[in-house]
Amino acid sequence: MTQQLRRKSARVGVAEYEFLLRFRLPDDSPDPETWLEALDAADCDDATIGIGRLGRVALEFTRTATSAAKAIRSAVADVERAIPGARLIEVAPDHVGVADIADVLGVSRQRARMVIETTDSFPLPIHDGRIALFHLAPVLEWLRHDGRRTVDAPYLETARAAMRLNLERTRA
């Protein structure tokens with residue numbers, strides 16, 4: 001999830017965006033493997049498909065588009081066309097924990113936790129229970145603003161688009 005995105009493609013204004021979509025399959029859905037051909041026919045051949053959890057499917061895309069939002073929205077539409085009744089659960093990268101933030105910072109989990117807890121300007125968690133969860137986009141923006149690390153622009157754009165789509169989905 002925290003891996004950097006591929007660099008801009010040869011066409012100007014077009015980039016490759018990497019993201020993960022998780023869907024709940026329709027209740028009357030047959031074996032998830034039956035959807036593989038339908039997904040391929042619906043232009044999802046740029047995704048690695050995971051069907052490990054009963055009633056769910058996860059697709060890790062590498063999609064070329066003029067923006068992250070367009071790449072993600074087109075992928076969602078393609079999956080929904082291939083699997084009628086599929087419901088989007090989550091778009092990633094968005095929700096991250098301390099271990100993910102440590103990866104982004106390039107430090108240990110203990111050091112990341114110290115930065116999170118002692119830096120007033122660090123983004124607030126979206127959930128602060130036994131496990132703290134953060135939106136990735138504000139963390140990346142903080143890193144960029146703070147000057148601690150260079151943030152790949154397509155990666156930040158994808159995190160922002162994922163966060164917006166997840167917030168839209170939960171408000172609907």
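**Close-up 1. Helices α2 and α6, whose axes come within 8 Å and cross at roughly 50°.** Axes here are lines fitted to C-alpha atoms, for helices over the stretch in contact, with angles running from 0 to 180 degrees between N-to-C directions, while helices (H or I, at least four residues) and strands (E, at least two) are DSSP runs numbered from the N terminus. The model is predicted, so that local features need pLDDT of at least 70 and side-chain atom pairs count only at pLDDT 80 or more, whereas totals for chains, interfaces and linings use all residues. Residues are numbered from 1 along each chain as its sequence is written, and side-chain values use heavy atoms, with hydrogens and water left out. Helices α2 and α6 are therefore oblique to each other (angles under 35 degrees count as roughly parallel, over 145 as roughly antiparallel, 65 to 115 as roughly perpendicular and the rest as oblique). Their crossing is right-handed, a term used if the near helix is turned clockwise from the far one by less than a right angle, with anticlockwise giving left-handed. On the α2 side, A68, A69, I72 and R73 meet E157, T158, A161, A162, R164, L165 and E168 of α6, where contact means heavy atoms within 4.5 Å. By class, this contact of α2 with α6 has six nonpolar, one polar and four charged residues (Ala, Val, Leu, Ile, Met, Phe, Trp, Tyr, Cys and Pro count as nonpolar, Asp, Glu, Lys and Arg as charged, and the others, Gly among them, as polar).

**Close-up 2. The open antiparallel sheet of four strands, in the order β2-β3-β1-β4.** Its edge strands, β2 (47-50) and β4 (87-92), each pair on one side only, where two strands are taken to pair if DSSP finds at least two bridges between them. Neighbouring strands of this sheet are turned by 20° against each other on average, direction ignored. Strand β1 (residues 15-24) and β4 pair in the antiparallel sense over five bridges, and the bridge partner of L20 in β4 is A92. Helix α2 (residues 68-82) packs on the sheet and touches β1, β3 (56-65) and β4, its direction making about 40° with that of β1. Helix α6 (residues 153-171) also packs on the sheet, touching β1 and β4, and its direction makes about 150° with that of β4.

**Close-up 3. N166 in helix α6.** With a relative accessible area of 3%, N166 is buried (buried means under 20% relative accessible area, exposed over 50%, partly exposed in between, for a 1.4 Å probe and protein chains only). When residues up to four places away in sequence are not counted, N166 touches E90, V91, D94 and H95.

**Close-up 4. Helices α5 and α6, with axes that come within 8 Å and cross at roughly 145°.** The crossing of α5 and α6 is left-handed. In this contact, L136, A137, P138, L140, E141 and R144 of α5 meet Y155, L156, A159, R160 and M163 of α6, giving eight nonpolar, no polar and three charged residues by class. L140, which lies in helix α5 (residues 136-146), counts as buried at 2% relative accessibility. Residues up to four places away in sequence aside, L140 touches V104, V151, Y155, L156 and A159.

**Close-up 5. The open antiparallel sheet of three strands, in the order β5-β7-β6.** Strands β5 (95-96) and β6 (127-128) stand at the edges, each with a single partner strand, so one side of each is left without a neighbour in the sheet. Two bridges join β6 to strand β7 (residues 132-135), and these strands run antiparallel; H127 stands opposite L133 in β7.
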